[in-house]
Amino acid sequence: MISAGIDVGAKNVKVVLLRDGAVVARGLEMIGLNTQAAIDGAFAAALAQSGAGRGEITKITATGAGRKEVQFAGGELTEVGASAKGVHHLFSSARTAIDVGAEEGRAIKLDEKGKVQDFAINEKCAAGAGAFTEAMARALEVGVEEMGELSLRSRTAVPMNAQCAVFAESEVVSLIHAKTPKEDIARAVHDAIADRIVSMARRIGIEKDVVLVGGLARNTGFVDSIKRTLAIDVLVPEYPEYAAALGAALHAAAQTGGQ
Amino acid sequence: MGPYDKLTENKLNYVVGQMHDAIGWMEKVTGRRYNDELLIEAVNDECRSTSVWAEVCALNRAVPAPLDEKTMYALYVLGTLNKHSKEVADFYEELRDEVKDRVSRGIAAVAHERCRVMTDTQPPWGFLKIFRYMETYGCISVGSLYTFALIGAWEDKPDGTWGPRTTPKQKGIRIETRDQALRIAAEWNLAKPEWQHFYHPKYKTDMMIRIAKEWKLDGVMLHYNRGCEGLTLGIAENRLGIQAAGFPVVTFEGNMGDEREFDEARTVARIDTFMEGLGLAKIN
């Protein structure tokens, strides 16, 4: 019996297939202009990895901002609910989950059973999410995947004052013209996002263990910034971008009456 | 002036004195004599309409609730604009009787009521449909401190509950002079719950917790209303107090007047998350 969780985010579709409580496959596809094609592609990739046929998938739960697009899903879960479920499954000691995706950052307070006690979501601003890092990487003319390693090489903290992604980009351009090393600018970008995310998380109260998930948790520079800003260690799972899809798959499994 | 629980005779005299001065000024500017009979009538009707509105809101304690807040917005506006008029006071009495009848017959405002919440401050007026969206979960907003108390006059009842304030007329007081009318009007208005929290968020927190308990709420939805800083001031602190009292709270940002500051899709997503946290799924 295989259950599936499909997370249709702002940038990528993530799929997790679960058999008897264990992850058997993952699939990811970037959403271009055709969300449906990305959903089908990510699902097909996960199926191929698992070696299972479509008919073996008994239950499917969709999550993410685009979850309504998954027309073949039998159930749905909000992003907060799915993240909480996934994080609790990965780290039962988690009491605070921070989920930073391409467009949205969320902080979730969990109880010992993984139930959502409170949550905070960033408002209409990309300055606290992954899209901001991508824009800044473009301004620095480096790949977004290089941003993490680049910022870890920084030895000088450069304050970034702008609160808005648009103004921050102007500030980055000014720093480039002032011959500020790229690694210091990369760190400044991550510190700025971390400041906003942590400030949002503090609204719900930060309690250990803190788990960081979402695509931006792949960025080692951002993880470092979050740790420094929180002044505590944070746990990052091996596949942080799949946490919500995992939560959705767990939800689907529960609908079948088993994991 | 300070909060009502710290009102002194001197402070009251100050407000009454200002009103006397205003009447004198108006007589001088307009050249007309002030009509004290109309003043007395207006004060009596204001006390009546604001007390009856509180009675209507108190009836919403019933499960299922006879009124939903979206409907209350259409009703409270009469009291906001014309609380001193006989027509509004009469209308509210008629409304009260109708709501009483709904309660006695178990008529609900929302089909399948299974979750009760309250909001706070003015809503995003251009997006009242979010209240209808909440109904898809069987969720009703039974009101708010705003809808209850911007107009309503309240007092502690002997059984410890919050109820409609006893009017001077109900106490057997007959208003006969201008000074007496002004004194009653000033005291009546200074006691209004909605004004108290301008002095400290704790007043609002206490009143909101009281509503949450007495109106049997499952949660609270707070509108961070950028269009009314006065009513939104301290709301983040209210949130902490309400949560500490054991009620789940969700916040959403918006603006009662500027639709550009309200993100409908994100607000709906928050409602979905909040409902999910309360263990509710949409009713098919």
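Residues are numbered from 1 along each chain as written, chains are lettered from A in the order written, and side-chain values use heavy atoms, without hydrogens and water. Since the model is predicted, local features need pLDDT of at least 70 and side-chain atom pairs count only at pLDDT 80 or more, while totals for chains, interfaces and linings use all residues.

View 1. A pocket is an open set of points on a 1 Å grid over the protein atoms alone, where a 1.4 Å probe fits, with protein on both sides within 12 Å along at least five of seven lines; lining residues have an atom within 4 Å of a point. Look for A10(A), K14(A), G101(A), A102(A) and E103(A), which lie nearest the centre among 48 lining residues.

**View 2. Who lines the largest pocket.** With seven residues, α12(B) gives the largest share of the lining. (Helices, H or I with at least four residues, and strands, E with at least two, are DSSP runs numbered from the N terminus.) Domain 1 (1-91 + 242-259) and domain 2 (92-236) of chain A each put in at least three residues, with bounds from an automatic or database domain assignment. By class, the lining has 17 nonpolar, 13 polar and 18 charged residues.

View 3. Of its 37 lining residues, L77(A), T78(A), G81(A), E276(B) and G277(B) sit closest to the centre. The largest share, six residues, comes from α2(A). Domain 1 and domain 2 of chain A both contribute to the lining, so this pocket lies between them.

**View 4. An enclosed strand in chain B.** Six of the six residues of β2(B) (residues 139-144) are buried, so the strand is largely enclosed by the rest of the structure; buried means under 20% relative accessible area with a 1.4 Å probe, protein chains only. Its partner β1(B) (residues 115-119) pairs with β2(B) in the parallel sense over four bridges, where pairing takes at least two DSSP bridges. Across the pair, T119(B) stands opposite S144(B).

Notes:
Ala, Val, Leu, Ile, Met, Phe, Trp, Tyr, Cys and Pro count as nonpolar, Asp, Glu, Lys and Arg as charged, and the others, Gly among them, as polar. Buried means under 20% relative accessible area, exposed over 50%, partly exposed in between (1.4 Å probe, protein chains only).
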